[in-house]
Amino acid sequence: MKEWLPIVIGVLILLVVSVIAFILGVKYRMKVAEAELGSAEDEAKRLIGDAIKTAESKKKEALVEAKDEIYRMKTEADRELKERRTEVQRQEHRLQQKEENLDKKIDNLERKEENLQKKQNEVAERLKEAEQVKKSQFDMLEKISGFTKEQAKEYMLHLLENELTHEKALKINQYEQQLREESETKAREIISQAIQRCASDHVSEVTVSVVPLPSDEMKGRIIGREGRNIRTLENLTGVDLIIDDTPEAITLSSHDPVKREIARLSLEKLIQDGRIHPARIEETVEKATREVESKIKADGERAVIETGIHHLHPELMKLLGRMRYRTSYGQNVLDHSIEVAKLAGIMAAELGVEPTLARRAGLLHDIGKSLTHEIEGSHVAIGVELAKKYKESPEVIHAIEAHHGDVEAKTIVACLVQAADAVSAARPGARRENLENYIKRLEKLEEIATSFNGVEKSYAIQAGREIRIILKPDVISDDQMVITAREIAKKIEDEMDYPGQIKVNVVRETRAIEYAK
């Protein structure tokens with residue numbers, strides 16, 4: 001215990017000394033801080049005094065500058081005010097001058113209006129005098145001529161109408177004569193040579209085919225038990241078999257000539273073989289189908305060789321072969337196309353145009369007819385699509401598109417195909433119509449002619465290729481006859497469809513009959 005006592009006393013003494021030293025240090029630092037704070041306050045007071053002095057000097061300077069600026073602005077404002085007053089005075093002077101001038105002009109206008117009114121009054125009086133003179137002159141003219149004013153006007157108009165009608169008729173005759181002189185000779189020469197060189201056989205076909213039978217007993221075998229054989233044959237070929245009282249014959253009916261040909265060949269083979277049952281019918285129809293397809297291909301190749309055309313797509317050849325079984329007004333379409341190709345080629349050679357291109361366009365101009373019963377649309381539109389599909393030239397496509405006038409012909413080849421198509425269709429014996437349509441066309445032709453004023457009678461002659469019209473001579477003059485013929489021809493062109501051309505023959509005859517007694 002005694003050993004620890006000096007240590008404890010030393011520690012306590014050390015603590016007391018440390019506390020005393022800390023307190024003395026704190027007091028010292030407080031004195032130093034108070035001294036520094038006093039010097040800082042003195043410095044702040046000094047700075048504030050300096051700032052106040054500087055602010056006062058700045059204030060004085062700003063007041064001086066403001067007074068100078070106010071004086072300058074006042075001077076500038078006085079100057080501008082003076083200039084504006086001067087400008088206003090000048091404008092007022094100009095306005096005053098304009099008002100004076102305007103007053104003078106108004107006075108002049110008033111004087112002119114007074115003079116004009118006086119002149120108008122004078123003119124009105126003179127017009128009244130002129131009307132009285134004119135009326136007296138008209139009265140005198142009516143007394144001298146014996147015509148009233150309306151009668152004289154009608155008479156003059158009638159004279160003018162007759163004169164104009166005569167001049168119009170003379171002009172029409174002059175132009176027609178000029179056209180005939182320039183074109184008729186050359187056109188007849190080309191067309192006659194083309195027709196002379198063209199020699200083709202024409203086959204008239206209808207929508208039915210007749211198959212002869214060795215005996216009427218064969219009809220029952222073709223029908224079969226409960227109609228099995230005839231139903232099988234009709235289902236496989238798509239053709240209607242008509243078995244009626246016609247002795248030793250069966251009629252095949254179908255709008256598709258290719259199907260009708262397959263059915264005809266199949267039936268002939270079955271009759272020749274004698275074995276007629278559903279299985280045998282299926283075999284025979286397949287064989288007949290292959291034969292017809294082979295014949296279609298051969299016909300297409302023959303047409304290409306006959307017209308001298310090269311590098312034609314095989315599918316187009318097949319479509320050409322199918323046209324062997326298509327007819328138009330009784331004219332075989334393939335033969336018609338071959339004929340058009342030859343005609344177009346001959347005319348092209350005569351005109352110095354490439355004949356091969358013309359023959360190609362002529363051969364393909366009706367190619368759309370091979371698919372008209374399968375695809376909707378006109379044969380022209382179908383033909384154009386086929387030609388585009390198989391990469392034909394633009395000249396051939398345009399000729400197909402323009403051969404019926406659906407679009408305007410823009411090339412010589414298209415014009416030649418149009419002409420060749422018309423020649424082939426319109427030549428005597430090329431086409432035929434059924435009796436009902438034929439009679440209706442003739443009646444329509446006569447009806448159009450008799451609808452015109454002054455027509456007494458009309459007769460359609462030469463199978464409707466000429467209309468002969470008898471005019472009333474007291475209604476239509478010789479000059480009006482030419483115009484009437486032109487109007488009738490125009491109406492026929494607008495309202496009727498017909499192959500070739502129709503001659504409008506107008507006859508006007510005046511007869512004088514007297515009796516010697």
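The legends below describe close-up views of charged side chains in a predicted model. Residues are numbered from 1 along each chain as its sequence is written. In this predicted model, local features need pLDDT of at least 70 and side-chain atom pairs count only at pLDDT 80 or more, while totals for chains, interfaces and linings use all residues; side-chain values use heavy atoms, without hydrogens and water.

**View 1. Arg 280 and Glu 283 form a salt bridge.** The closest N and O atoms are 3.3 Å apart; a salt bridge is a side-chain nitrogen of Lys or Arg within 4 Å of a carboxyl oxygen of Asp or Glu. Both residues lie in helix 6 (residues 278-307), 3 residues apart, which means that about one helical turn separates them. Helices (H or I, at least four residues) and strands (E, at least two) are DSSP runs, numbered from the N terminus. Glu 283 is partly exposed at 47% relative accessible area, and Arg 280 is partly exposed at 22%. Buried means under 20% relative accessible area, exposed over 50%, and partly exposed in between (1.4 Å probe, protein chains only). A network of salt bridges links Asp 273, Arg 275, Arg 280 and Glu 283.

**View 2. Arg 324 and Asp 335 form a salt bridge.** Their closest N and O atoms are 3.1 Å apart. The pair links distant parts of the chain, with Arg 324 in the loop between helix 7 (314-322) and strand 4 (327-328) and Asp 335 in helix 8 (residues 333-351). Arg 324 is buried at 15% relative accessibility, and Asp 335 is buried at 8%.

**View 3. Glu 466 and Arg 468 meet in a salt bridge.** The N to O distance is 3.2 Å. Glu 466 is buried at 4% relative accessibility, whereas Arg 468 is partly exposed at 34%.
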